[in-house]
Amino acid sequence: MTGRAMGVHNGRWRVAPYGRRAVLVDLDGQEDVLGLHGALDHEPPEGVVELVPAARTLLVRFDPERTSHERLADDLLRHSTVDVSARAGREVVIEVRYDGEDLAEVAECTGLSVAEVVTRHEQGGYVAAFCGFAPGFAYLTGLDPALHVPRRATPRTRVPAGAVAIAGEYTAVYPNSSPGGWRLLGHTGHPVWDVERARPNLLTPGTRVRFTRARR
Amino acid sequence: MTAKLEVLKPGPFTTVQDLGRPGLAAIGVGRSGAADRGALRLANRLVGNPEGHAALESTLGGLALRASETVTVAVTGAPCPITAGGRAAGPNAPIVLRPGDGLEIGTPERGLRCYVAVRGGLDVAPVLGARATDTLGKLGPPPLVAGTTLPVGQVTLGPPTVDLAPRPGLPAEPCLRITPGPRLDWFTADALATLVSRPYTVTSDVDRVGVRLTGPPLARAREGELPPEACVPGALQVPPSGTPILFLADHPVTGGYPVIGVVGEEDLDLAAQLRPGIPVRFALSRLTA
């Protein structure tokens with residue numbers, strides 16, 4: 001198999017082994033990832049212990065005592081259509097003060113005015129697609145294509161908690177202060193991550209998100 | 001009265017670890033926990049604890065503790081010189097410390113990490129159900145500093161039942177078994193053969209996140225980067241330089257470099273003992289055990 005794509009497929013998705021206890025499902029796009037994640041979360045195949053969605057893939061960890069790569073691949077590939085209803089997640093509204101350091105730069109990059117950048121960001125309907133980078137850091141899809149800008153050439157050493165930022169096709173709220181290369185549009189006081197809460201992460205995969213401009 | 005362990009010297013890097021936070025990757029939280037899980041489990045069993053109790057993970061020794069009350073401890077993992085109450089003591093065995101007794105862990109002759117369990121476990125505050133320090137996700141207690149006081153818990157299974165658990169030594173040139181994929185198609189046809197052909201060398205870039213290796217580069221068949229995708233411990237991620245990074249306990253939940261192979265769970269404890277400068281080999285293994 002060396003040099004060729006591994007695994008089995010159903011014409012749309014490919015399932016490849018990822019070590020002895022996981023498979024990686026390659027999907028067409030974020031929509032399919034969310035759909036398959038929703039469907040499997042709702043009705044997990046035998047032996048599945050964890051689902052980890054990402055941009056184009058879904059990692060499915062399993063207990064090798066209860067299933068095998070082959071059996072699990074069969075179970076997964078049978079889901080040839082995604083359960084869209086399973087994706088109707090709850091909606092969270094986050095109030096943002098659009099005072100980010102990179103607003104002018106983003107305006108310049110996109111050829112829009114600062115006001116238009118803010119309006120387009122505020123008007124988007126977003127879905128938390130997956131988490132990564134840091135605990136509670138959710139990649140939100142649905143960003144207006146006019147706002148797709150590359151991340152900064154040199155990341156900041158410190159981005160404050162609550163920073164609302166964009167990079168590529170995603171927007172996000174920094175859950176904690178950390179280094180970061182995303183473009184800062186503003187900030188929110190809405191706590192998206194709190195380990196003391198029963199649900200520490202406000203923006204779990206599938207959650208719909210809206211941003212509204214903070215009133216003074 | 002609650003017993004305490006006082007940290008006199010933390011050594012180069014010592015953290016509190018248990019078996020981590022499994023099942024939370026979808027919210028961006030990795031499993032973390034002891035890098036050498038077998039050594040943590042053994043240390044706990046030796047002192048009559050449940051296997052997942054919180055203990056200390058010491059990197060390259062240099063650790064000195066003092067007990068406030070009579071406590072039973074055990075040291076496992078990389079073999080290192082041990083002094084307890086001023087007298088030499090052995091690894092992989094329960095050791096009783098009297099009130100005021102010190103426990104000193106020297107530098108391991110081989111391997112990287114040793115574990116100190118105390119009967120009752122370390123009763124630090126749990127975060128998301130675990131006491132492990134996730135160095136990348138910044139969860140759990142901070143790394144030890146001199147003066148840190150660690151409360152000892154009360155929950156045990158029963159009295160220690162063995163005097164010694166004989167353990168094989170660590171190999172001078174460890175061999176880690178891998179299964180190929182999932183991104184073999186990102187590499188040239190001979191990359192996998194290259195990976196298993198000659199030993200790699202462990203660089204000084206070693207921490208709980210991973211081990212950067214140097215050796216025969218693995219040539220890419222494709223340019224560019226992958227969109228972020230989930231990782232597992234043991235994944236061999238290959239950045240554009242072509243030399244792999246082996247992910248350990250605190251690996252990022254998602255990564256953007258293609259993974260050529262995965263070190264099996266059965267060899268991860270050995271991987272956690274990889275020390276800068278030593279050679280390491282990879283061998284192909286079957287997907288089903």
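Author: With domains: their bounds come from an automatic or database domain assignment. In chain B the assignment gives domain 1 (4-151) and domain 2 (175-284). Their centres, taken over C-alpha atoms, are 27 Å apart. This is a predicted model, in which local features need pLDDT of at least 70 and side-chain atom pairs count only at pLDDT 80 or more, while totals for chains, interfaces and linings use all residues. Residues are numbered from 1 along each chain as its sequence is written, and chains are lettered from A in the order in which they are written.

Reader: How many residues of domain 1 of chain B are in contact with domain 2 of chain B?

Author: Two residues are in contact if their C-beta atoms, placed from the backbone, lie within 7 Å. Here 20 residues of domain 1 of chain B are in contact with 16 residues of domain 2 of chain B.

Reader: Is A:Ala161 buried, exposed or partly exposed?

Author: Buried requires 20 or more other C-beta atoms within 10 Å of the residue's own, exposed 12 or fewer, and partly exposed lies in between; C-beta atoms are placed from the backbone. A:Ala161 counts as partly exposed because it has 17 C-beta neighbours inside 10 Å. Leaving aside neighbours within four places in sequence, A:Ala161 is in contact with A:Tyr174, A:Pro175, A:Asn176 and A:Ser177.

Reader: Which residues are buried in helix α2 (residues 69-77) of chain A?

Author: Helices are DSSP runs (H or I, at least four residues), as are strands (E, at least two), numbered from the N terminus. In α2 of chain A, the buried residues are A:His69, A:Leu72, A:Ala73 and A:Leu76.
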